[in-house]
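Hi there,

Here is the structure I said I'd pass on. Have a look at it first, then read my notes below.

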Amino acid sequence: MFKNKVVWIIIAIVAILFFWVKGVYNNMVTQDEGVKTAWSQVENQYQRRMDLIPNLVNTVKGYAAHEKETLEGVVNARAEATKIDPSNLTEESLKKFQSAQGELGNALSRLMLVLERYPDLKANQNFMELQAQLEGTENRISVERKRFNEVAQSYNTYIRQFPNNILSGMFGFQSKAYFA
């Protein structure tokens, strides 16, 4: 009789432990997927900006042909920004990604400053629409980066809390980097 009680107690403890580990693991998976989803939204907004740049450059070419250096700077910065693949979201890869995107943003800012000298271009409806779309995209990028940081922080906090940190280490869940 005593052996039966011990067996049932052991079975109950194992069952409770199993369901607890299962719940923690599934929550880590859910939060990890949330980080990936938030990251894909950040990438979508950066891609939207990338897609607008060739249209902007082509519109500007006709008006500011002698601003070749500035236009080439934008095109080169865009090319560099597309080379980086921060899919593993480590601190180093995210810094490279941010740096490339920052260079692209700087090149676009320089282009906009140069274009202030061209009143005909500033009156061009196509240019004005592209400029408005770029400004809207920059705002979207900012919002998505903030959202990504919030989701990554929630995930990082969860996997670092005790005793979740033990399970996250066992199952290979690692902290995600943040946008600075």
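At what angle do helix α5 and helix α6 pack? Keep in mind that this is a predicted model. In it, α5 (residues 125–160) and α6 (residues 164–171) pack at an angle of about 100°, and their axes are 6 Å apart. Angles from 65 to 115 degrees count as roughly perpendicular, so that is the word for how α5 and α6 sit to each other. On the α5 side, the contact is made by Tyr158, Ile159 and Arg160, while α6 brings in Asn164, Asn165 and Ser168. Sorted by class, that contact has two nonpolar, three polar and one charged residues.

Now for the loop between these two helices. Phe162 is found there, and Pro163 lies in that loop too. The peptide bond from Phe162 to Pro163 is cis, with omega near 0°. That's worth a second look, because most peptide bonds are trans.

Which helix gives the most to the nonpolar patch? That's α6, with three residues.

Last, the charges. Side chains of opposite charge can pair when their charged atoms come close. The model has six salt bridges, and one of them joins the side chains of Asp32 and Lys176, at 3.2 Å from N to O. This pair links distant parts of the chain: Asp32 is in helix α1 (residues 2–63) and Lys176 is in the segment after α6, 144 residues apart.

How values were computed
Residues numbered from 1 in each chain as written. Predicted model: local features only at pLDDT ≥ 70, side-chain atom pairs only at ≥ 80, totals over all residues. Heavy atoms only, no water. Axes fitted to C-alpha atoms, helices over the stretch in contact; angles between N-to-C directions. Helix = DSSP H or I, 4+ residues; strand = E, 2+ residues; numbered from the N terminus. Parallel < 35°, antiparallel > 145°, perpendicular 65-115°, else oblique. Contact = heavy atoms within 4.5 Å. Nonpolar A, V, L, I, M, F, W, Y, C, P; charged D, E, K, R; others polar. Salt bridge = Lys/Arg side-chain N within 4 Å of Asp/Glu carboxyl O.
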